[in-house]
Every structure is written in C-alpha cells, then in structure tokens.
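Please read each point beside the sequence and the coordinates.

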Amino acid sequence: YLAYLRSVFTGDLGRSIRFFPLPVTELLGRALIWTVGLVGTATLISFALGTFLGIMAAWRRGTLFDTTVSLISIFSSSVPAVVVSLIMLFSFGYTLGWFPNGYAANPMLDPGWDWAYISSVLYHGTLPMLTMVLVLTGGFAVTMRNNMINLLGEDYIVMGRAKGLADQRVMLWYAARNALLPTVSALAISLGSVLGGSLIIEVVFNYPGMGNTLYQAILARDYPVIQGELLILTGAMLTANFIVDLSYVLLDPRLKRA
C-alpha cells in the first residue's frame, strides 16, 4: 500500500490490463480531454441557462411563463438520462440524420488543429452536448426558482423596492445573488463529477470520454484503470467543493465579515 501511495504521488497509476502495456495515466489523459470539452461545456451552459430561467420564473411567479418553465424543468429533471439519450439519438441521429450516431470525430480524419478536424469534433459533439444540457438544465432551474421565491419576501427586498431601485437591480443584486449559493453548491457537485462524464450519455453516443472509458474498464475488469479513474474523480470532487467554498465569500459579504 505504501508503494501504491508513492506511485500515485509520482503520477504512476500502473498499466492498463486491457491495453497492456499502455500506462493508465496516458489512457485517462486522452479520455480527459474529450470529457472536459463535452461535459464541462454542457454543465456550464446548463448552469447559466437554468439559473436564468429560475430567476425569471421566480420573479414572474404565478404567470404563464413561470408555469411553463416549472413544468418543463420538473419533467426534464425527472426523465432518466438514458431515455433522453436514446430519444435524441433515434430522432436526430437515425431518423432525421442531422447528426452523427457516434464517435467524437470522423475516424477518416487525422487528429490535428486544422479546421476540418475541429469542425468534425464540434459536429459530432453537438448532439451529446444538447442531450446533456436537456438533462441538467431543469435541475438548476428548479433549484434557483425555489431558492429565490423564499427570499422575495425578505425585508431587504422590500427595502430595495421602497428605495425606488429598478426591478432589474433588485432582481439580480438583491434576490438572485443571495439565492445563488445553493445553486452554486449544485454546480460544485456537477463540476466534481465532470471528469467522469455522464457514463450513460457517453456510452449511448459511443463518445471516448472518462465515463465510457470507465464502463469499458468495468467490462474488461481492468482494475488499474478503474482504480485510477475513481481516484481522479475523488480528487476532482474535493477540489470543486473547495473552490465553491472560497467563492461563497465573494457571493455573500456576510461570510467575509465573519
């Protein structure tokens, strides 16, 4: 065990059983690039879109906009990712043929920084990214809406309106900023698991990210790869939560004074 700890701190995670003698670090490094590009982008887009929809729905609570956003958000967050993935793949991949059915890029192209390869990567990643956005946005929207509604009756919100401040200023700087803390915590959990990717979505679209790599390693009983990836996921989760704890000080001035 001490030898294992020494190898971990020196960047040696062993060699893959399935792809022997390929080092685990090199194998996971390849998958990490794809996962950060796909899942990381989808998570940030979902957070921004879900937070905006939650703010607008809470500020216009009781209206048709609020009802529509709430119903769609609850429905999208309740549907399993595997169902959304299969529907998107069947509808836009097989039936309409608008997007490729798998892979991260055209296998006939050589990897490089030329526009042909980059455009192929963007084209192949659009459908899985849209699928992930649909899966994640609803949860952020519901969380932000509920948090903000609980704050709209607070004294400082009434004071802001009584001072004659613009509705946009009260909505964004008085209500939304304080309601954002629990939503940022949800973002930390999402970012912490971003390195593992969404296993279901990556498997359905045959995307070569961390999630698909973990799935293939489990099937092949490739224990060094499984062990190395779980170690990276744990470190990513701890790091993301630590960064979010630091960001609380910027979002809530009361923590800074304390």
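Predicted model: local features only at pLDDT ≥ 70, side-chain atom pairs only at ≥ 80, totals over all residues.

1. Proline 21 lies in the loop between α1 (2-9) and α2. The peptide bond that leads from phenylalanine 20 into proline 21 is cis, and its omega is near 5 degrees.

2. Asparagine 206 is placed in the loop between α8 (199-204) and α9.

3. On the overall architecture, the chain contains eleven helices and zero strands. Read from the N terminus, the order of elements is α-α-α-α-α-α-α-α-α-α-α. Taken along the principal axes, the box filled by the C-alpha atoms of the chain is roughly 70 × 55 × 35 Å.

4. Two packed helices are described by the angle between their axes and the distance between the axes. For α2 and α9, the axes come within 8 Å and cross at roughly 140 degrees. The pair is therefore oblique, since only angles over 145 degrees would count as roughly antiparallel. On the α2 side the contact is made by Leu27, Leu28, Ala31, Leu32 and Thr35, and on the α9 side by Met210, Gly211 and Thr213. By class, this contact has five nonpolar, three polar and no charged residues.

5. Helix α2 also packs with helix α10 (residues 223-251): their axes come within 10 Å, with a crossing angle of roughly 55 degrees. That angle makes α2 oblique to α10. The crossing of α2 past α10 is right-handed. From α2, the residues Val24, Leu27 and Leu28 meet Pro224, Val225, Gly228, Glu229 and Ile232 of α10. Six nonpolar residues, one polar and one charged make up the contact of α2 with α10.

6. Helix α3 (residues 64-78) and α5 have axes that come within 7 Å and cross at roughly 130 degrees. This makes α3 oblique to α5. Here the crossing is left-handed. Which residues of α3 meet α5? They are Asp66, Ser70, Ser73, Ile74, Ser76 and Ser77, and their partners in α5 are Leu134, Val135, Gly138, Gly139, Ala141, Val142 and Arg145. By class, the contact of α3 with α5 has five nonpolar, six polar and two charged residues.

7. Helix α5 gives the most to the lining of the largest pocket, with seven residues. In class terms, the lining of the largest pocket consists of eleven nonpolar, five polar and one charged residues.

8. The second largest pocket holds about 350 Å³ of space. Its lining has 14 residues, of which Phe19, Leu27, Ala31, Pro208 and Thr213 are the closest to the centre. Helices α2 and α9 (210-220) each supply at least two residues of this lining. The lining of the second largest pocket comprises seven nonpolar, four polar and three charged residues.

9. How many cavities of 30 Å³ or more does the structure hold? There is one, and the volume of the largest cavity is about 30 Å³. The residues that line the largest cavity are Pro100, Gly102, Tyr103, His124, Pro128, Phe205 and Tyr207. By class, five of these lining residues are nonpolar, two are polar and none is charged.

Definitions and conventions: Residues numbered from 1 in each chain as written. Heavy atoms only, no water. Helix = DSSP H or I, 4+ residues; strand = E, 2+ residues; numbered from the N terminus. Nonpolar A, V, L, I, M, F, W, Y, C, P; charged D, E, K, R; others polar. 1 Å grid on protein atoms, 1.4 Å probe; cavity = no way out; pocket = protein on both sides within 12 Å on 5 of 7 lines; lining within 4 Å. Points joined across faces, edges and corners; volume = space filled by probe spheres on them. Axes fitted to C-alpha atoms, helices over the stretch in contact; angles between N-to-C directions. Parallel < 35°, antiparallel > 145°, perpendicular 65-115°, else oblique. Left-handed = near helix turned anticlockwise from the far one by under 90°. Contact = heavy atoms within 4.5 Å.
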